[in-house]
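Thanks for coming. I have one structure to go through today, and I will keep to what can be read from the coordinates.

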Number of protein chains: 2
Amino acid sequence: MSSAKTLDGKGAGEAIRELLRPRIAAFRVASGRSPGLGILLAGNDGGSQIYVRNKVHACEELGIVVDLRRLSEDSTVEQVTSVVNSLNRDESIDAILVQSPLPAGMGAEAEKEVFNVIDPGKDVDGFCAVNVGRLAQNRSTLAPATPSGIIELLDRSKIQIQGAHAVIIGRSDIVGKPMAMLMLHRHATVTICHSRTQDLAMVTSRADILISAVGHPGLVIPKFVKPGSTVIDVGTTRVTDRRQVSAIFGEESPRLEVLDRRGAVVVGDVHPGVASVAGAVTPVPGGVGPLTIAMLLSNTVKAAETRLT
Amino acid sequence: MSSAKTLDGKGAGEAIRELLRPRIAAFRVASGRSPGLGILLAGNDGGSQIYVRNKVHACEELGIVVDLRRLSEDSTVEQVTSVVNSLNRDESIDAILVQSPLPAGMGAEAEKEVFNVIDPGKDVDGFCAVNVGRLAQNRSTLAPATPSGIIELLDRSKIQIQGAHAVIIGRSDIVGKPMAMLMLHRHATVTICHSRTQDLAMVTSRADILISAVGHPGLVIPKFVKPGSTVIDVGTTRVTDRRQVSAIFGEESPRLEVLDRRGAVVVGDVHPGVASVAGAVTPVPGGVGPLTIAMLLSNTVKAAETRLT
């Protein structure tokens, strides 16, 4: 049934990391220190704990020094801002990451407020307004990690972007909108869909490259997909409901075993049936995730190199 | 033959200006002075001379004070920057506009460099990186005038944006990209096309709202257009070739008389034949142009009010 090629995000992520090793070594020679990443983690969000742990491990493995600052669930925007400012001033810190989401108690605007306090030269996620603007103007150096990683994966998989019709489901500041800008600058025709899109399946079925980033498990079913197209799955939803997992993957799926053992499985936006229609798909896990981490490392090194010059 | 409704940009522009009068009066009472717009015009571009003259007249008519600074064709980026800085510091100036294009001799990056020197609070065109980023994040106060004017025109014409498929031809920083963001935030599904788009007519023929901003006279012919849709023409190309005008408008067109009398006519991207297919169209001239000026005035007043608070 499955005919689509699986795009190997893990392998691509490893290849990107290997290319960073000599650059980090050269930076160390030139600066007398290792690149430094400041990470601010506020609150107890379970996903965030895991993501930050993975990021810290990946940095340490490459020789990037991490300064991890933790704040409690009930900390204030002022406290977060104050930590960001101290990282801005710290000469040994080249890049700063504020783990999203911030605790809900800080209010809906807290993230944008905090992102805008980060020194644009250290804004490793590219989320502050001036870097968002520079990305739109095609002058970015630090572009958001997930969409940058997707471009890397397409390039490494020799999937042509120029002239392709790229359809993006999701319009977030973190994935959807910067993805649209990166695709546009690579000369794709770009369509952005979202919850208010009428007849979503018809719109997405015209995509040569379809990117789903909404966190709706199994949303993208075969009729959403143009035969032979490339489907990129950015969704990573933690599912604990056995019925939902078996409805998507079938009663025989080994994922049910994983669910029984761990209490949850991570499920993408793309239904497994899509593999019989698409030309190429990214797996979840092992697709976009490893690339996001690799691009975070890459942006950290880039920020360090830029500060040196 | 013509069945489409003509959207009255001139009338909408006048209505917007009328709403500004009491706000300007209130600003004058509160501040003891009139709102001030600084305009920098460098070089001898013929179109720019006309645009700036129109902007100055529109301001004066409303009681906005204009400080027009002219620089010669051979002036440098440093000279332009220095004038912008003096306008930034001037307490009586609420808004600053650097007329595009800057002289070619300044280099391709000159405009972005200069735009980024403008105080973001006075950046009336919304072209500096931080305002571009704020627009993408849906936090903008000063959004670019042409796309803002198009939103105003659609709203005043009771054309629904939410759920519509908006297709934009052109990906400029001044129209295409900010138009995409404004449409997206109003819950349209958005497609951006450009010179590398494959089978342009097929992509555009799916649009409920089609916006062309490329400056290619008569590009949008009937087969580009979905029956009953709204077609917005941002093109304003000065055409001097009689054959080109008669090929687009026919041998009997009164435009040929205008051409003979004035030596040129302004022609939009949309072919007149589209009026027999579309539900609504904007004329050129008298469509988007008057709205662009009205939104410039509106942004100037908004910037002045914001500085007061």
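Predicted model: local features only at pLDDT ≥ 70, side-chain atom pairs only at ≥ 80, totals over all residues.

First, the two copies. Chain A is superposed on chain B by a rotation of 180 degrees with 0.0 Å of shift along its axis, and the RMSD is 0.0 Å. The two copies are thus related as by a two-fold rotation axis. In general, two copies of a chain are related by a rotation about an axis and a shift along it.

Now the interface. How many residues of chain A are in contact with chain B? There are 26 residues of chain A in contact with 26 residues of chain B. On the chain A side, helix 5 (129-136), helix 7 and strand 6 each supply at least two residues. Helix 5 of chain A gives the largest share of that side, seven residues. Sorted by class, the side of chain A that touches chain B has nine nonpolar, 10 polar and seven charged residues. As for which surface is used, 100% of the interface residues of chain A are also interface residues in chain B, so the copies meet through the same surface.

Strand 6 of chain A and strand 6 of chain B run antiparallel and are joined by three bridges. A:Thr191 has B:Thr191 as its bridge partner in strand 6 of chain B.

Within chain B, strand 5 (residues 165-169) and strand 7 (residues 209-212) run parallel and are joined by four bridges. There, B:Ile168 stands opposite B:Ile211 in strand 7.

Next, strand 2 of chain B, residues 36-42. Is this strand buried or exposed? Seven of its seven residues are buried, so strand 2 of chain B is largely enclosed by the rest of the structure. In a regular strand the side chains alternate between the two faces of the sheet. Here both faces are covered: B:Gly36, B:Gly38, B:Leu40 and B:Ala42 are buried on one side, and B:Leu37, B:Ile39 and B:Leu41 on the other.

Strand 2 of chain B pairs with strand 3 (residues 65-71) of chain B in the parallel sense, over seven bridges. B:Ala42 is opposite B:Leu71 of strand 3 in that pairing. With helix 2 (residues 46-62) of chain B, these two strands make a right-handed β-α-β unit. Strand 2 of chain B also pairs in the parallel sense with strand 4 (residues 95-98) of chain B, over four bridges. In this case B:Leu37 is opposite B:Ala95.

Last, some backbone details. Most residues other than glycine have a negative phi, and most peptide bonds are trans. A:Ser100 and A:Pro101 are joined by a cis peptide bond, with omega about 0 degrees. A:Pro101 lies in the loop between strand 4 (95-98) and helix 4 (110-115) of chain A. Another cis peptide bond joins A:Val284 and A:Pro285, again with omega about 0 degrees. A:Pro285 is in the loop between strand 11 (280-281) and helix 11 (288-308) of chain A.

Then there is positive phi. A:Asn138 has a phi near 60 degrees, and this residue lies in the loop between helix 5 and helix 6 (145-156) of chain A. A:Asn138 counts as partly exposed because there are 14 C-beta neighbours inside 10 Å. B:Lys158 has a positive phi of about 55 degrees and is found in the loop between helix 6 (145-156) and strand 5 of chain B. B:Lys158 is exposed, with 6 other C-beta atoms within 10 Å.

That is the end of my part.

Conventions. Residues numbered from 1 in each chain as written. Chains lettered and ligands numbered in written order. Buried ≥ 20, exposed ≤ 12 C-beta atoms within 10 Å, placed from the backbone. Pairing = 2+ DSSP bridges. Right-handed = clockwise from strand over helix to strand, strands pointing away. Least-squares fit on C-alpha atoms with pLDDT ≥ 70 in both. Contact = placed C-beta atoms within 7 Å. Nonpolar A, V, L, I, M, F, W, Y, C, P; charged D, E, K, R; others polar.
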